Amino acid sequence: MAWSTSELADLAGTTVNTIRHYHRLGLLAEPDRRYNGYKKYGVPHLVRLLRIRRLAELGVPLSEVDRVADSAGTADRLREVDADLAAKIEQLQQARGEIAAILSNNAPPDVPAGFASVAEHLSEVDRSVIHIYSKLYDESALADLRDMVAEDAEAGDDGKELDALPPDADEPTRQRLAETIAQGIARNLVDYPWLSDPAGHLATSGRVAQETFVEAVTALYNPAQRDVLTRAAVLGHQIAQEVLAARGDADGEGAPPTP
C-alpha cells in the first residue's frame with residue numbers, strides 16, 4: 001500500500017504543508033517516487049508522521065522531537081515541557097481575566113494590564129504613560145498607581161483640561177491649572193510616601209527610569225503641558241511638605257526632613 005502526500009495528510013489528520021515542513025526540517029524522510037514523479041509514502045512514513053504529531057500535541061518543540069523520541073532523558077524533558085505548558089496556561093488564564101475586565105468595564109483593548117477598572121478616567125496619553133511605567137516599576141507601585149487614578153477621579157482630577165491645553169496657553173491658564181494639579185500630586189505624595197523615593201519600587205535602574213521618564217514626557221506632552229506639569233510638581237512637593245510638617249507638629253514630632 002502506498003499513499004500520496006494528500007492521502008498521507010488525511011490519514012494523519014494534518015495538512016500537506018505540514019508534511020512538507022517536516023521534510024524541510026529533516027524530521028520526515030523523503031519517500032520514493034512513482035514513475036509519474038508523485039511521492040509514494042508507506043507505513044513507516046505514516047508511523048513516523050503520527051509519532052511526530054503526537055509529540056507536537058504534547059508541546060514538544062519540533063527541534064527536540066528526535067531527542068524526546070529517544071528514551072534517554074525523555075522523562076526529564078517531558079517535565080520541562082509540562083512546566084512550560086503550566087506557565088502558558090497561567091498566562092492564558094491571566095489574559096482571559098484581563099479580557100473579562102476589559103469587556104465588563106467597556107475599556108479600550110490596549111488599556112494597561114490591571115487598569116481596566118479605571119480606564120474611563122485615562123486619556124490616550126495616560127495609557128501611554130502607564131504602559132511605560134509598567135516596565136519601570138514593580139507590581140506594588142502599579143497597584144498604588146491604579147488607586148491614585150481612582151482617587152484623583154473621585155476628587156474631580158480627571159486630567160481632561162491638561163489634555164486639552166494648547167501649546168500656546170497663556171500664563172494665567174498655566175498657573176491656574178498647575179495649582180489645581182498640584183493638589184492631587186500633594187495628596188498622592190502624602191498618601192504614598194514612596195513616590196518621593198521610588199528606588200525601592202523600580203524594576204530597572206534609577207538612571208534608566210529617569211531618562212525614560214524624561215523622554216516620555218517630552219514626546220507625549222506639548223510645551224505648555226510640560227510647563228504646567230513642572231510647576232505642578234514643584235507646588236505639589238511644597239504642599240505635601242507643609243501637610244507632613246503640620247502633622248508632625250500636631251504629633252509633637254516636628255517637621256520631617258525635606259527629601
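Tutor: Let us begin with a term: a residue is called buried under 20% relative accessible area, exposed over 50%, and partly exposed in between. Please bear in mind that this is a predicted model. D110, with a relative accessible area of 42%, is therefore partly exposed.

Student: Which residue does D110 meet in a salt bridge, and where do the two partners lie?

Tutor: A salt bridge requires a side-chain nitrogen of Lys or Arg within 4 Å of a carboxyl oxygen of Asp or Glu. The side chain of D110 meets that of R127 at 3.4 Å, N to O. D110 is in the loop between α5 (74-104) and α6, whereas R127 is in helix α6, so the pair ties together parts 17 residues apart in sequence. R127 has 14% relative accessibility and so counts as buried.

Student: How many salt bridges does the structure hold, and which residues are linked in a network?

Tutor: The structure holds 13 salt bridges. E64, R67, R77 and E80 are linked in a network of them. Another pair is R48 and D66, whose side chains meet at 2.7 Å, N to O. This pair links distant parts of the chain, with R48 in helix α3 and D66 in helix α4 (residues 65-69), 18 residues apart. R48 is partly exposed at a relative accessible area of 25%, and D66 is partly exposed at 44%.

Student: Which residues of helix α2 are buried, and why do they line one face?

Tutor: In α2 (residues 16-25) the buried residues are T18, I19, Y22 and H23. Viewed down the helix axis, they fall within an arc of 145 degrees, so they line one face of α2. The face turned away from that buried side carries the exposed residues N17 and R24. As for partners, the buried residues of α2 pack against α1 (5-12), β2 (39-40) and α3 (43-57). Just after α2, G26 takes a positive phi of about 80 degrees.

Student: What is the general idea behind a nonpolar core, and which residues have the most contacts inside the largest one?

Tutor: In soluble globular proteins, nonpolar side chains tend to be buried together. Here the largest nonpolar core has 30 residues, and V111, F115, Y133 and L145 have the most contacts inside it. Helices α6 (124-136), α7 (139-154), α9 (171-191) and α11 (223-250) each supply at least two residues of this core. The largest share, 5 residues, comes from α7. Apart from this core lies another of 17 residues, among them A9, I19, Y22 and Y41.

Student: Which residues is Y133 in contact with, leaving aside its neighbours within four places in sequence?

Tutor: With those neighbours set aside, Y133 is in contact with L142, L145 and F213.

Methods:
Residues are numbered from 1 along each chain as its sequence is written. This is a predicted model: local features need pLDDT of at least 70, side-chain atom pairs count only at pLDDT 80 or more; totals for chains, interfaces and linings use all residues. Side-chain values use heavy atoms; hydrogens and water are left out. Buried means under 20% relative accessible area, exposed over 50%, partly exposed in between (1.4 Å probe, protein chains only). Helices (H or I, at least four residues) and strands (E, at least two) are DSSP runs, numbered from the N terminus. The arc is that of the directions from the helix axis to the C-beta atoms. Contact means heavy atoms within 4.5 Å. A nonpolar core is a set of buried Ala, Val, Leu, Ile, Met, Phe, Trp, Tyr and Cys residues joined through side-chain atoms within 4.5 Å.
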